[in-house]
Amino acid sequence: MISSRKEIRGEDIASHYDELDRFYREIWGEHVHHGLWLRGDESRAQAVRQLAELVAREAAVTKGTRVVDIGCGYGATAQLLADEYGAEVTGFTISQAQYAIAQARAAGEKGNPAYVCSDWLANTLPADSFDAAIAIESSEHMDKPGFFAQAQRVLRPGGRLVVNAWLSCEAPTRNQERWLIEPICREGRMPHLGAESDYRKLAAEAGFRLEKFQDVTRQIARTWPMIVRVFVWNLLRKPAYIRFILDPKSKNAIFGLTIVRLWMAFRTGAMRYGVFTLVKE
């Protein structure tokens, strides 16, 4: 496990997403996660949807499945599961900006999905109350034992947990850790990045059986060149981007550099992307 040199608190994560809200929506869109290229010729929108569909399949989501979306972002995946699969979804986000947009998206949808603006590690959901839990690129922001413990608590016996995670490689070099992984943790407001073996161990200790692990690093690789191009394009065309980066009051201006670090980390093998399908024993 590689940790940030700076302590990362819940309020730091919330501030990160609140302050960068406009940039996330303009650069990433409604789904704040990677795309999954299966054929190779898909548009980014198609690839992003395919990742969400993979999660739905692994979580065995069907009509009436009670799903908790841990770190739901703007609610796009939660809405997809509700509208197209008939799931009953509760989404958690720590960001007020994301919560407001997710709530607005769900308006008029008969209360489904329902959203909670709170820290997942302090949730008060009833025990054994969900059939499935999903965490798409959100466990990175949390204390891992606490993340798994809460998921285990709220899932019924036999419930499924699908975790899409940014992973460090198993044995990063000193330069990979110094120039890529640790700065990504610190700048991206992640307390630490685990390797595949760390997730396997922590999930087992929390009472989960690993049903499947998929390394989809190659299938998500096109995401970062696209994100970098969009970021540079907006940087050149929108003065607000330059103002934000140069403003000494901006707490998260460094994230522009982090985008480049992430591209390089996935490209050089310092980081991997994994999908864990877990079952509560």
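Here are legends for a few close-up views of this predicted model. Local features need pLDDT of at least 70 and side-chain atom pairs count only at pLDDT 80 or more, while totals for chains, interfaces and linings use all residues. Residues are numbered from 1 along each chain as its sequence is written, and side-chain values use heavy atoms, leaving out hydrogens and water.

**View 1. A look at the open sheet of seven strands.** Going across, the order is β4-β3-β2-β5-β6-β9-β8, and the pairing is mixed. (Strands are DSSP runs of E, at least two residues; helices are runs of H or I, at least four; both are numbered from the N terminus.) The edges are β4 (114-117) and β8 (208-215), each pairing on one side only. Two strands pair if DSSP finds at least two bridges between them.

**View 2. Zooming in on β8 and β9.** β8 and β9 (residues 271-280) run antiparallel to each other, joined over seven bridges. Look for leucine 210, whose bridge partner in β9 is leucine 278.

View 3. Which residues of α5 are buried? They are Ala97, Gln98, Ala102 and Ala106; buried means under 20% relative accessible area, with a 1.4 Å probe and protein chains only. Among the elements covering them are α1 (10-19), α2 (21-27) and β3.

**View 4. The N-terminal end of α5.**

Definitions and conventions: Buried < 20%, exposed > 50% of the residue type's maximum accessible area, 1.4 Å probe, protein only. Contact = heavy atoms within 4.5 Å. Polar contact = N/O pair within 3.5 Å; in protein donor to acceptor, adjacent residues only side chain to side chain.
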